Amino acid sequence: MTCAILLNGDYEDDDYYLRQVDAAQAVVAADGGHAFLRRHGRWPALLIGDFDSLDAGMVAEATVAGVDVVRHPARKDETDAELAVAQAEARFQGEIVLLGALGGALDHVLGHFSILQGLAERGRAARIASPSLAATVARAPASLRFCAPVGTEVSLIAVSSDVVLSLRGFDYELSDEPLAPTVCRGLGNRLSAPDARLDLKGGTLLALDFDGRERFAAAGAAGG
């Protein structure tokens, strides 16, 4: 099962995002992310936020349509994205896909990567999806298969200080080597084979795949 969460960011390719929405088994809108759904005649199962970036008429319309609308005060500790993710975790099973997570204010974009880290720490599969970038956070032990064409750029960023990983099917391969969060060694690699794989033996890692048309896939236990 996949739960798509629409955030209040950029939606630069409507067809791409509509495919993501229509493929999901559950859809949650966080505040202004609801506007994208309404432009295309879709409804979420849940609309949540403080609604400072959504027209009041759209909120009222969603209520009349039977959408579960959860309003929070503007003065709160969590962002609308965090509130939406918390509800998705509580209500739905399976992978969480964040849409509209990029292109907004930089602090919120960085916050969305932090949300991925939190989901990984709780053992929940999650990713950011966009036409030009897919992102996920992996926590060891884990393995990822990169479902993208040969030549696709991939960047790997250590989130913790104890990252140890192996790479196969990349221009620059690694074998049980450390990657520190204070270096840029993992940036700008490229896939050299259609079965490229990352095995994470230690730590927590942010993986960026610059072909957002594809997605990451689990590849079994690390080293398997």
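The structure is a predicted model, in which local features need pLDDT of at least 70, side-chain atom pairs count only at pLDDT 80 or more, and totals for chains, interfaces and linings use all residues. Residues are numbered from 1 along each chain as its sequence is written, and side-chain values use heavy atoms, with hydrogens and water left out.

**Salt bridges**
- The count comes to eleven salt bridges, each a side-chain nitrogen of Lys or Arg within 4 Å of a carboxyl oxygen of Asp or Glu.
- Glu89 and Arg122 form one of them, at 2.9 Å from N to O; the pair links helix α4 (residues 80-91) with the loop between α5 (106-121) and β6 (126-129), 33 residues apart.
- Helices (H or I, at least four residues) and strands (E, at least two) are DSSP runs, numbered from the N terminus.
- Glu153 and Arg190 also pair, with their closest N and O atoms 3.8 Å apart; Glu153 is in strand β9 (residues 153-158) and Arg190 in strand β12 (residues 189-190).
- Asp199 and Arg197 meet at 2.9 Å, N to O.
- Asp50, Lys76 and Asp80 are linked in a network of salt bridges.

**Exposure**
- Buried means under 20% relative accessible area, exposed over 50%, and partly exposed in between (1.4 Å probe, protein chains only).
- Asp199 is buried at 4%, and Arg197 is buried at 11%.
- Glu89 is partly exposed at 22%.

**Helix α3**
- Val64 lies in helix α3 and is exposed, with 76% relative accessibility.
- Gly66, with a positive phi near 90°, follows α3.
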